Amino acid sequence: MAGSALAGCAPSTSDDGAKGDEKSGKLRVWLFREVGNKPKEEVVDNVVRRFEKKHKDVTVDVQYIPVDSRAEKIKGAFNDPDSAPDVIEYGNTDTAGYVADGGLADVSEEFGGWEAAKDADPTAKESVTVKGKQYGAPLFVGVRALYYRTDVFKDLGLKPPKTLDEVAGTAKKIRAENKDMYGLAVGGAYTYGAMPFIWAHGGELARERGDEFSAGIDSAKARKGIKAYTELFGDDNCPAGKCAKMGGNETVEAFAGGKAGMAIGGDFNRQAMEDGKVKGDYGVVPLPGLKEGDIAPAFAGGNNVGVLKSTSHRTLAVELMKELGGKQTQEELFEAMGFLPTFTDTREKVAQKEPFVKPFVRTLDAGTKFVPASPAWGEIDASMILPGMFQEIVSGQQDVEGAAGEAAKKMDEAFVK
Amino acid sequence: MSEARVVNGGRTVAVERATGVGVRRWIRKPWRLAAEVGALLIAVVVAFPLYWMVLSAFKPAGEVRSERPVPWTLSPSLDSFRRVFEQGDFARYFANSVLVAGSVVVASALIAFLAATAVTRFRFRLRTTLLILFLAAQMVPVEALTIPMFFLMRDFGALNSLVSLILPHLAFSLPFAIWMLRGFVKAVPEALEEQAFIDGASRTRFLWQILFPLVFPGLVATSVFSFISTWNDFLFAKSFIISEVENSTLPMALLVFFDAETPDWGGVMAASTVMTVPVLIFFVCVHRRLVSGLGGAVK
Amino acid sequence: MSAATTVAERPGTSPEKPVRATGKRRGPRRQGGPWTPWLYLAPALVVLAGLLIYPIYQLGLISFLEYTQLQVSGGEPTTFRGFGNYAELFGDSQFWDVLLATLLFAAACVVGTMLTGCSLAVLLTRIRPLPRLVLMLAALGAWATPAITGSTVWVFLFDPDFGPVNKVLGLGDFSWTYGQLSAFALVFFEVVWCSFPLVMVTTYAGIQAIPKEVLEAASLDGASVWRTWRSVMAPMLRPILIVVTIQSIIWDFKVFTQIYVMTGGGGIAGQNLVLNVYAYQKAFASSQYSLGSAIGIVMLVILLGVTLVYLKLLRRNGEEL
């Protein structure tokens, strides 16, 4: 009766300490479910088969969890070590938060001793690092660029846009000619698609002073970016009634299904396009900036694989992590899904084979940006502060200034905590 | 036409003579006809969502995602059901749901039966207080308790297992079950009890061999509510079944189809059908008693 | 037998006397001591104490603590905040918006459910058995539908692309979940759809239990349907109407599944949040467990208020628990 023993005192906290290091049994793995997940599953099944062959008496149970509701799920896992998985895939924006929550295991030692790690590109390595310690292995780099329909552009005599203004203009032209198509598919909940607009206008999500962050989303420049993005919602491009609630995956899905002339998608979305109606009819260019020749700073996204602190199979879990984040898997994932490898040599190798990645590599080289490296970001993200802001503007509940001010207030509250 | 009128007329006369308002028959008839047409129209509207659910479950994928939905299908297909049953271990989830709901129903019925007997057939101190407690307990917003319940289940080590679904639902369905059962227990005449004791029956014997069979139909009706709330649950299933997919329940499987970027409507409707049919059968079987039970809960 | 009689006997009998009398009479002959009822109550009390009262206590406790993910995973010690969480909650304008929306939405659902249920119950008494059976069966179907499947089906019916409703009404690709009101309206339809049958069936049983002569007298007086209801049926059905109203209030105030599923967790920019979903989002999405708990306590207090009103109404009716 653990429950009654606790009566009277504060609710218990979880004991996240590792419980031994078993060498057999079941390893649980959580990976993200992507749009068009099948090829990813096939690659992972291969990895699992290799791994199980190498380690007798070990079974690996892989689950694919939805990205949108990952916060609840992963929190549940942190709160109950007994039922938590051993290895998880996580977005690099969550690293700081998960480490602060005490969920991820420090694998600095193993990472340091890992042959392949020296080839990892510095940005990717940074994304698993908190205060000098590594909490996982990078899995892929995710940058977003502008997908467009080559056939539609040809029919309408359009050229890939060279500035952000042209993006909007082109979008409206497409919509005007094709009433059942969005010009540029945008989503009110697509934060990472909206960020380049803010950054291109010189805005920032937050300002960093020492260790402290304060919201920058309500600055004049940021507001210009917000305005530019939210103006894309409307009957002349992407009707608010449908687009306000869409997230990144929905916009990709819309483009892949032939319902949009352009979309902001990642390297990791290629397979969804190949499986969709637009196969063979699309091209990719970097999302342009304000001036011709500029590239809008993209969000340096990407996912990592990490080991949970509470795992009872630490050695095995780390082995599996290396296997999943290793060069061979990354190459296979690139071929299957278009995930850009995090190892510089692997990336060069695939770039030569596959011209598709060029716009993404160019975007990477032009300089990328990241979300505030604060544990509070996880909460800001999970509380949907930025999507809420976009949606309020798009649906006319608030103007840009009011919504941005409110969002900044909420962000500041989260930073202070 | 005329024949029908005669038949109708004959029946009306009989009814009206019996109720003694035959005078008004000419005025009432068109009114009643309108009322009946209205009732049938309402019935169609009310039944339509269920009809559409089953229909869409049987429509081939192309027709479900058609821009011009029609209320029939000429080529029914089992594809959606096939997708549903291939989704993970659907049969297993179904079995889990049955197991969880079944355990809750049986346990809550037994416990509620005892408690209802205590509060209706005995007079003791704190009886009224207890009744008010049972009433107030129905008000508790179950979802708000997810938080402490999560920690409680964790401390029991029950998370990730079906026990973590059974226990909370047992607690949440008890107050209403006791409340509703009181009417049924009360309806058993006191004389019967006295007769039993005169015949030398022990209290336990009376309880299980005389009272229980008499109350049983009411118990079944009461169980519908425990059954539905448990069958329906996705919040606890979602929060408490953290990583053991094999312990998932039906609503979780349903939401997999629904949550995707573009919902697989055929799959959602097929899964919904599979989820609804057992409850529907249960309901139709017990609905008469249900009504009387709710009447009993009046007090 | 069944419904009708059980219900009908109620208002007529005066329960107090006979029960007390038999209680006394029975007393000496009863086997087992005064602890027998407690023995019977024991399992129920154990379950409720452990799995309902203790969690409520914990809920209250957490609402006074600083309790976020950091505390849960043991990163930081839990600290007592007093009414800090409540102050934070009451200082947040969103909370008041959500509270207002919850109250209005629940009120609308209760009124809608009662109106639909009662008028259809009266309608049932005016039609012949066959149409009555048809309507009853349709209502039973709606009643039996689990909230979660009901929600998905209604969303599908109103889907802007593939749903039949927009096609029939000629609304084009109007998105019901986009606007705050239309999204609430959509949920309202679903809630009324699945909860009016209970009101209808119970009220119908109640009307049937009213002595025929009474209704005939009203009918001979030439009273309209509305007047018959107003001055004959409603007063006699009062106890039943109170119960179903109270049940509706409880259920509609706590509505969770429908909002969560149909508006995707609270609608665009949280415009369709109701308290229950709001508490869940605060606790599990943003892991502000203490704020979520405080919202839960607020709900509990409101519903306890409803309970008190209920008890008062029962007592005024001269009923005994």
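These legends describe close-up views of two interfaces in a predicted model. Local features need pLDDT of at least 70 and side-chain atom pairs pLDDT 80 or more, while totals for chains, interfaces and linings use all residues. Residues are numbered from 1 along each chain as written, chains are lettered from A in the order written, and side-chain values use heavy atoms, without hydrogens or water.

**View 1. The contact between chain C and chain A.** Chain C contributes 32 residues and chain A 34 residues; contact means heavy atoms within 4.5 Å. The two chains bury about 2,500 Å² between them, with 50% from carbon and sulfur atoms. Buried area is the accessible area (1.4 Å probe) lost by two parts on being put together, summed over both.

**View 2. A salt bridge between chain A and chain C.** The closest N and O atoms of A:Lys242 and C:Asp161 are 3.0 Å apart. A salt bridge has a side-chain nitrogen of Lys or Arg within 4 Å of a carboxyl oxygen of Asp or Glu. Two salt bridges are found across this interface.

**View 3. Domain 1 and domain 2 of chain B.** Domain 1 covers 2-77 and domain 2 covers 83-296; these bounds come from an automatic or database domain assignment. Seven residues of domain 1 are in contact with eight residues of domain 2. About 630 Å² is buried between the domains, 77% of it on carbon and sulfur atoms. On the domain 1 side, B:Met53, B:Ala57 and B:Arg65 lose the most area, together 59% of what that side buries. Zero salt bridges are found between the two domains.
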